[in-house]
Amino acid sequence: MDFDTDLAETWIRTIATAVEQNRTHLTDLDSAIGDGDHGSNLQRGFAAVLTALDDLRPDTPGAVLTKTGTTLISKVGGASGPLYGKAFRAIGAALPGPATPTTLAEALAAGLDAIRTLGKADPGDKTIVDAWTPAVAAFHTAATTGAPLPEAAAAAAEAAEQGALDTIPLQARKGRASYLGPRSTGHQDPGATSTALIFRALATTTAT
């Protein structure tokens, strides 16, 4: 199974559904250590993405993801819009055509690089990076050992979900949560949680 245009668009639409379903949860997490708008911002952004894709009629997976990223940058406030926007644009740039699992692994890694370049965050800083990093590593390991796309995506989703859980005891060192100092511990990072939703959506998409 290759990651083609239809799968790319289905992935984004599945993310949009997951964000809508988890909007309150993401907002609650963000209310504890941030501005309290992560869920609503992402929901608004992905709703705009769906409209943009309806108008675009993309013909490559890269076109789907590049448009997704550009729309998120323009429509989502706070830090998450630029971070996710740059990530999807980087993934899109790496996918001019249908992708093998290995090629998609490289594209997802490019997305992580874009996030880290913009956000200046490292693993352990209690950010998106704490879920995206293990997800990329798990996907890459599975893909390079010959696993099919659904298996690689499932491994990435599990790693992202564990990465999000692992942010609970961390003290935030980046973003608004860092202003809380030790009080940021004991809370799951909302960005890492939405990253887990993104990778679980990829697993769901490729499993069907």
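User: At what angle do helix H1 and helix H4 pack, and how far apart are their axes?

Analyst: This is a predicted model, in which local features need pLDDT of at least 70, side-chain atom pairs count only at pLDDT 80 or more, and totals for chains, interfaces and linings use all residues. Residues are numbered from 1 along each chain as its sequence is written, and side-chain values use heavy atoms, with hydrogens and water left out. H1 (residues 5-21) and H4 (residues 61-75) pack at about 25°, with their axes 7 Å apart, and they are therefore roughly parallel (angles under 35 degrees count as such).

User: Which residues meet there?

Analyst: From H1, Thr5, Ala8, Glu9, Trp11 and Ile12 meet Pro61, Val64, Leu65 and Thr68 of H4. The residues of this contact divide into 6 nonpolar, 2 polar and 1 charged.

User: Switching to Thr27, is that buried or exposed?

Analyst: Thr27, which is found in helix H2 (residues 23-33), is buried, with a relative accessible area of 19% (buried means under 20%, with a 1.4 Å probe and protein chains only). Leaving aside neighbours within four places in sequence, Thr27 is in contact (heavy atoms within 4.5 Å) with Gly36, Gly39 and Ser40.

User: And what do the buried residues of H3 pack against?

Analyst: They pack against H1, H2, H4, helix H5 (80-93) and helix H9 (190-207); among the buried residues of H3 are Leu42, Phe46, Val49 and Leu53.

Conventions: Axes fitted to C-alpha atoms, helices over the stretch in contact; angles between N-to-C directions. Helix = DSSP H or I, 4+ residues; strand = E, 2+ residues; numbered from the N terminus. Parallel < 35°, antiparallel > 145°, perpendicular 65-115°, else oblique. Nonpolar A, V, L, I, M, F, W, Y, C, P; charged D, E, K, R; others polar. Buried < 20%, exposed > 50% of the residue type's maximum accessible area, 1.4 Å probe, protein only.
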